[in-house]
Amino acid sequence: MPVIRPFKCVRPAEDKVSAIAALPYDVYSRKEAKEAVLKNPLSFLKIDRAETQFPDDTDMYSAQVYQRGRETLEEMIEDGSFVKDEDRCYYLYALTYDGRTQTGIVGCASIDDYLEGTIRRHENTKEDKEKDRIRHVDAMNAQTGPIFLAYRRQPELDRIVHKGKETPPFYDFISEDGIRHQVWKLASDSVLTDEIAQAFSKIERVYIADGHHRAASAVKVGLKRRQEHPDYDGTEEFNYFLSVLFPAEELRVFDYNRVVTGWNGHSFDSLLEGIGKFFYIEEKASIFRPERKGEIGMYGNGSWYQLTAREELYTGEPVSDLDVSILQDKLLEPLFGIKDPKTDPRLLFVGGIRGLDELVRLVKDGEERVAFAMYPTSMEELLAVADLGRLMPPKSTWFEPKLRSGLFIHMLD
């Protein structure tokens, strides 16, 4: 049963919250992050991506960069840009996008639950990305970006969330991308606070929807602190990591598309021949967006194609039956020679929020490139894979809207 506990939050002053809150650090390139900070000097990116405060030739992984992030947070606490709540609380965080609202409970999850599998993951992590966030969290002595967790809907938590939202939110703003963000604080002496912990104790497990690298890094920093403090008793803040937990039924998963560079010695016609062994192929007059599981859009050689998986490809095994697995196992590896999608530089992942026009832009006529537009992996597929303790291929899911960093900060002591 997962332990989700309240915490003393460091958060933006109400008059500065819309300027401070920023998209997660990893959705920006270095250039984009620096431009964002130049445009908005209060942006939390100057803490999450502190290299934005240095010349472009500065090593973004140098010790001075991580130290500058911590100094900036301390300065913003000192000048009142951030405030410290003195009592341990839960918070509610609602995001409204495209007419849909998802509301999560903000608290801290146990690193032991992660290690023991009560918190389930569905993706592998990359060591280089982990190392960056480990150094960031350790230098900051804080977790600055929440882990996006999901749970199977529980009526008692629905009731608590509904009750907690009866009062006006203390944050309510619309970010530059049109998403409405609302936050409520649940008083530490509220009956709801006790009920939240009790309700989570009745849930068998929770799932990482997004933020696998942040979660793994937070856990490794916690383990490092345990080694540094061998007399720890498990109640210390470093034993927990910042999380927002949503009912899975409220979440929206977008497609995560692929672009391949290089045809591995094939002509386009021979590629089509190879694809035809596993898919029915139909050329389309315009952009093709998959409408159901088993359909993949392909753009190459100036044309769009609808690929429909042949029935015999399905085995009833949750991982191998994923569209992203079928694409990898039947096309990307045997035809294009992409054996490891995590490391092969010829494979580019494109989040569905960028639209299918982005695939057309990336696949220019005359180049050996081809794009694949995927039907979104469902939450049901994600939960089924995680329940089995299995992992999906990398970049199987893209969640929108993204949680803002800087809204909630969890200090490690």
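This is a predicted model: local features need pLDDT of at least 70, side-chain atom pairs count only at pLDDT 80 or more; totals for chains, interfaces and linings use all residues.
Helix 4 passes helix 6 in a right-handed crossing. The axes of helix 4, which spans residues 63-78, and helix 6 come within 9 Å of each other and cross at roughly 45°. Sorted by class, the contact of helix 4 with helix 6 has five nonpolar, two polar and three charged residues.

Helix 6, residues 127-140, also packs with helix 9, residues 212-228, at an angle of about 55° and with the axes 8 Å apart. That angle makes helix 6 oblique to helix 9, and the crossing of the two is right-handed. Helix 6 contributes K129, E130, R133, I134, V137 and D138 to the contact, while helix 9 contributes H213, A216, S217, K220, V221, K224 and R225. By class, this contact of helix 6 with helix 9 has seven charged residues, together with four nonpolar and two polar ones.

A further pair is formed by helix 7, residues 155-164, and helix 8, residues 191-200, which pack at an angle of about 155° with their axes 9 Å apart. Since angles over 145 degrees count as roughly antiparallel, helix 7 is roughly antiparallel to helix 8. Helix 7 passes helix 8 in a left-handed crossing. The contact joins E156, L157, R159, I160, K163 and G164 of helix 7 to L192, E195, I196, A199 and F200 of helix 8, and its residues divide into six nonpolar, one polar and four charged.

| Helix pair | Angle | Axis distance |
|---|---|---|
| helix 4 and helix 6 | roughly 45° | within 9 Å |
| helix 6 and helix 9 | about 55° | 8 Å |
| helix 7 and helix 8 | about 155° | 9 Å |

The structure holds four cavities of 30 Å³ or more, and the largest cavity has a volume of about 110 Å³. Of the 15 residues that line this largest cavity, V137, Q143, T144, G145 and R214 are the closest to its centre. The elements that give two or more residues to the lining are helix 6, helix 9 and strand 12, which covers 240-247. Helix 6 supplies the largest share of the lining of the largest cavity, namely three residues. V137, named above among the residues closest to the centre of the largest cavity, is also one of the residues of helix 6 in the contact with helix 9. By class, the lining of the largest cavity has seven nonpolar, five polar and three charged residues.

N141 has a positive phi of about 55° although it is not a glycine, and N141 lies in the loop between helix 6 and strand 7, the latter being residues 142-143. Elsewhere in the chain, a cis peptide bond joins E400 and P401, with omega at about 0°. P401 lies in the loop that runs between strand 20 (398-399) and strand 21 (409-411).

Conventions
Residues are numbered from 1 along each chain as its sequence is written. Side-chain values use heavy atoms; hydrogens and water are left out. Axes are lines fitted to C-alpha atoms, for helices over the stretch in contact, and angles run from 0 to 180 degrees between N-to-C directions. Helices (H or I, at least four residues) and strands (E, at least two) are DSSP runs, numbered from the N terminus. Angles under 35 degrees count as roughly parallel, over 145 as roughly antiparallel, 65 to 115 as roughly perpendicular and the rest as oblique. A crossing is left-handed if the near helix is turned anticlockwise from the far one by less than a right angle, and right-handed if clockwise. Contact means heavy atoms within 4.5 Å. Ala, Val, Leu, Ile, Met, Phe, Trp, Tyr, Cys and Pro count as nonpolar, Asp, Glu, Lys and Arg as charged, and the others, Gly among them, as polar. On a 1 Å grid over the protein atoms alone, a cavity is a set of points where a 1.4 Å probe fits but cannot get out, and a pocket is an open set with protein on both sides within 12 Å along at least five of seven lines; lining residues have an atom within 4 Å of a point. Grid points are joined across faces, edges and corners, and a volume is the space filled by probe spheres set on the points.
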